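Let us walk through this structure step by step. Keep the model in view as you read.

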Amino acid sequence: MPVPDADIHPEATGPAKALVASHQAEQPLKFYAGWFCPFVQRVWLALEEKQIPYQYIEVNPYHKAPSFLALNPRGLVPTITSPDESGSARPLYESTVILEYLEEAYPTHTPALLPKDAYLRARARIWIDYVTSRIIPAFHRFLQHQPTPASSSPDTKQTGRGGGGGGGGGDELHSLREEFRATLKEFARELHPQGPYFLGEELSLVDVVLAPWAVRLWVFDEFKGGLGVPAPGEADSEEEERVWARWRRWVAAVEGRRSVRETLSERDWYLPIYQRYAEDKAQSELARAVRKGRGVP
Ligand SMILES: N[C@@H](CCC(=O)N[C@@H](CS)C(=O)NCC(=O)O)C(=O)O
């Protein structure tokens, strides 16, 4: 029986629809993607930024078609194939592995998304890992949290569209919100002082790996009563004010990036997907891993 997650709008909409349409022609590099998936968006951003020719192939990864499992035994998007010298397609998966591969396999395609300097490259990898191992699990713990019966009195109800108001879901929801916000704050403290990007004026893989979640932060307003990042002038201290101002500048920079805008679909089609997470009904590998207290699968 298909998992509830399989119920996904079958194709990209909005700006991403046009981009998909312009990448249907046969190309050596095949990009097995799902329009809705933030891990896919990471790879899509790099392909677009670097202008690497690719053929976009829409896959519903929850159907686990045997032909797709033959490429990626875990049946996850993103997956790519690239031909060897004899023309046989070689598969690769895991978004961060694919991103590193694109950097190495297409050295003449600029911009380079990792610094040339070995120290700076290693530091970038620390923060790429931080995004996947800290920020994304905290995003999902907060999003998937359900109130225990004792904490679900009517005034602390948290889910449902617009539910939660400024309120709650009780202490647990509050601390998961804090925990998630703390991961963002730690990231924001590491941003280049002027930026606007993580390493400075130029976009890098550190920005690319977090951007898809940054443009999905609206899900917390929609389902969990907000994220609680203080509005300008409302932070508790000068240091907080400075850190959150820098965070907002980073978000604005990635939101404004052409590659980010053009790889997004219409919000209405993301809503039912994120509602399943917000009600903790999703059965994806990611949802189950978070439920079991593990990290990103
Ligand atoms: N660690 C993987 C995660 C990819 C992933 O979880 N993709 C989701 C879609 S957003 C998927 O294919 N899910 C299918 C499933 O959970 O069965 C990566 O970085 O590429």
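**A helix pair and its surroundings**

Helix α5 crosses helix α7 in a right-handed manner. This is a predicted model. From α5, look for A124, W127, I128, V131, T132, I135, I136 and F139; from α7, look for L205, V206, V209, L210 and W213.

Now for the geometry. Two packed helices are described by an angle between axes and a distance between axes. Here α5 covers residues 118–144 and α7 covers residues 205–214. Their axes lie 8 Å apart, at an angle of about 10 degrees. Angles under 35 degrees count as roughly parallel, and therefore α5 and α7 are roughly parallel to each other.

Stay with α7. How many of its ten residues are buried? Nine are, so α7 is mostly covered by the cut-off of 20 or more other C-beta atoms within 10 Å. The buried residues are L205, V206, D207, V208, V209, L210, A211, P212 and A214.

Is L99 buried or exposed? It is buried, because 21 other C-beta atoms lie within 10 Å. Beyond its neighbours within four places in sequence, L99 is in contact with R42, V43, A46, L205 and V208. L205 and V208 are both on the list of buried α7 residues. L99 is also 54 residues from L45 in sequence, while the two C-alpha atoms are 9.6 Å apart in space.

P2 lies in the segment before α1 (14–21). P2 is exposed, because 11 other C-beta atoms lie within 10 Å. Leaving aside neighbours within four places in sequence, P2 is in contact with Y62 and H63. P2 and A231 are 229 residues apart in sequence, and their C-alpha atoms are 42 Å apart in space.

Which residues come nearest to it? Of the 16 residues around the ligand, these are C37, P61, L76, S95 and S284. The whole shell divides into ten nonpolar, four polar and two charged residues.

Definitions and conventions
Residues are numbered from 1 along each chain as its sequence is written. This is a predicted model: local features need pLDDT of at least 70, side-chain atom pairs count only at pLDDT 80 or more; totals for chains, interfaces and linings use all residues. Axes are lines fitted to C-alpha atoms, for helices over the stretch in contact, and angles run from 0 to 180 degrees between N-to-C directions. Helices (H or I, at least four residues) and strands (E, at least two) are DSSP runs, numbered from the N terminus. Angles under 35 degrees count as roughly parallel, over 145 as roughly antiparallel, 65 to 115 as roughly perpendicular and the rest as oblique. A crossing is left-handed if the near helix is turned anticlockwise from the far one by less than a right angle, and right-handed if clockwise. Two residues are in contact if their C-beta atoms, placed from the backbone, lie within 7 Å. A residue is buried if 20 or more other C-beta atoms lie within 10 Å of its own, exposed if 12 or fewer, and partly exposed in between; C-beta atoms are placed from the backbone. A residue is near a molecule or strand if its C-beta atom, placed from the backbone, lies within 6 Å of it. Ala, Val, Leu, Ile, Met, Phe, Trp, Tyr, Cys and Pro count as nonpolar, Asp, Glu, Lys and Arg as charged, and the others, Gly among them, as polar.
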